[in-house]
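Please look over the sequence and the model shown here before reading on.

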Amino acid sequence: MNLDLFTVAPGEKPLDNLKAACGFAGIFKEIGIIGDSLSSGEFESQDEEGNTLYHDMYEYSWPAVLERLTGTVYRNYSRGGMTAKEYLESWADQNGFWQWNQAYIIALGNNDIFGANQPAGSAADIHPEDPAANPDTFLGDMGRIVSRLKAMEKDARIFLVSMQRRGEEQADATICAIADEMKKMCGLFSYTYLIDMAHDGPAYDEEMRKTFAMGGHPNAMGYYVYAMMIGNYMDYIIRENPKDFFEVPFIGKGLKNKDIACNPGQ
């Protein structure tokens with residue numbers, strides 16, 4: 001048996017090898033998803049007057065696809081149009097979505113930056129020990145969300161997802177700059193990692209949308225493709241940082257293994 005299949009090869013990039021069952025992404029028992037329309041499986045239809053209607057169809061979302069592929073329970077706290085600010089200030093509390101999970105995937109930004117025109121801010125806005133001091137920026141609000149999750153479970157594994165490039169020069173520069181700050185943000189919290197769709201994922205441009213979109217949102221195939229990218233990127237992160245994931249079964253149980261050094265942060 002070739003154990004090299006389960007390690008990172010020299011020069012390998014996160015999405016070079018897409019495994020059908022998403023590899024080590026399946027080591028988790030339960031994962032919470034905080035996101036917008038892309039995470040909620042939103043589809044577009046038109047009524048008789050030609051007005052576009054939007055439908056969150058969670059059973060087709062990429063978390064639902066990953067649940068079927070990996071056997072992990074995905075608890076979806078997303079909704080079309082969601083922003084980090086709204087999730088933090090109302091949505092999560094109103095719906096009881098501050099729930100314990102072994103891991104969380106946070107995929108926000110499009111509505112914050114390109115819809116609400118909220119300032120992006122920077123990793124310097126984030127004060128993990130005093131989140132109330134974070135300014136009202138996208139990164140500041142993201143930091144408050146992670147601080148809240150870490151207060152519930154300090155050992156939760158958290159995956160931040162950066163936005164995909166669009167094939168538009170100005171927007172893509174913004175998206176990549178925010179991804180760079182999100183990478184810095186990961187260093188402020190323990191067991192926090194970036195799924196860098198801005199730099200490592202394909203551009204969600206006109207060419208990609210011809211096959212994988214239906215209007216401004218993905219079609220069913222598009223959500224499947226996105227699930228494969230998220231799941232396999234998680235697999236890559238785990239293969240790259242194996243000791244960080246040895247004790248996943250112990251999360252929330254107060255158990256430690258004497259042979260594993262605790263990771264105080266990245």
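What follows is a set of questions and answers on this predicted model.

Q: Which percentage of the contacts in the protein chain with a separation of 6 or more comes from residues 24 or more positions apart?
A: The C-alpha trace of the protein chain spans about 65 × 50 × 35 Å along its principal axes, and 50% of the 266 residues count as buried. Among contacts with a separation of 6 or more, the share contributed by residues 24 or more positions apart is 71%.

Q: What is the distance between the mean positions of the positive and the negative charges of the protein chain?
A: The protein chain exposes about 12400 Å², of which carbon and sulfur atoms supply 53%. Its charges comprise 23 positive and 39 negative ones, and the distance between their mean positions is 8 Å.

Q: Which parts of the protein chain does the aromatic pair of Tyr87 and Trp98 tie together?
A: The count of aromatic pairs comes to 13. In the pair formed by Tyr87 and Trp98, the centres are 5.5 Å apart and the planes stand at 80°, which is edge-to-face because the angle is over 60 degrees. Both Tyr87 and Trp98 are buried. Since Tyr87 and Trp98 are eleven residues apart in sequence, the parts that their pair ties together are helix α3 (residues 84-95) and the loop between α3 and β5 (103-107).

Q: Are Tyr233 and Tyr236 buried or exposed?
A: The ring centres of Tyr233 and Tyr236 lie 6.4 Å apart with their planes at 75°, so this pair is edge-to-face. Both residues belong to helix α9 (residues 220-240), where being three residues apart separates them by about one helical turn. The relative accessibility is 4% for Tyr233 and 9% for Tyr236, and because the cut-off for burial is under 20%, Tyr233 and Tyr236 are buried.

Q: Which residues do ring pairs link into a cluster?
A: A pair of aromatic rings is described by the distance of the centres and the angle of the planes. Ring pairs also join up into a cluster in this model, and its members are Phe28, Phe159, Tyr193 and Phe245.

Technical notes. Residues numbered from 1 in each chain as written. Predicted model: local features only at pLDDT ≥ 70, side-chain atom pairs only at ≥ 80, totals over all residues. Heavy atoms only, no water. Buried < 20%, exposed > 50% of the residue type's maximum accessible area, 1.4 Å probe, protein only. Contact = heavy atoms within 4.5 Å. Areas by Shrake-Rupley, 256 points an atom, 1.4 Å probe, with all protein chains shown as cover. Lys, Arg positive; Asp, Glu negative; His and termini not counted. Charge placed at Lys NZ, Arg CZ, Asp CG, Glu CD. Phe/Tyr/Trp six-rings, centres within 6.5 Å; stacked < 30°, edge-to-face > 60°. Helix = DSSP H or I, 4+ residues; strand = E, 2+ residues; numbered from the N terminus.
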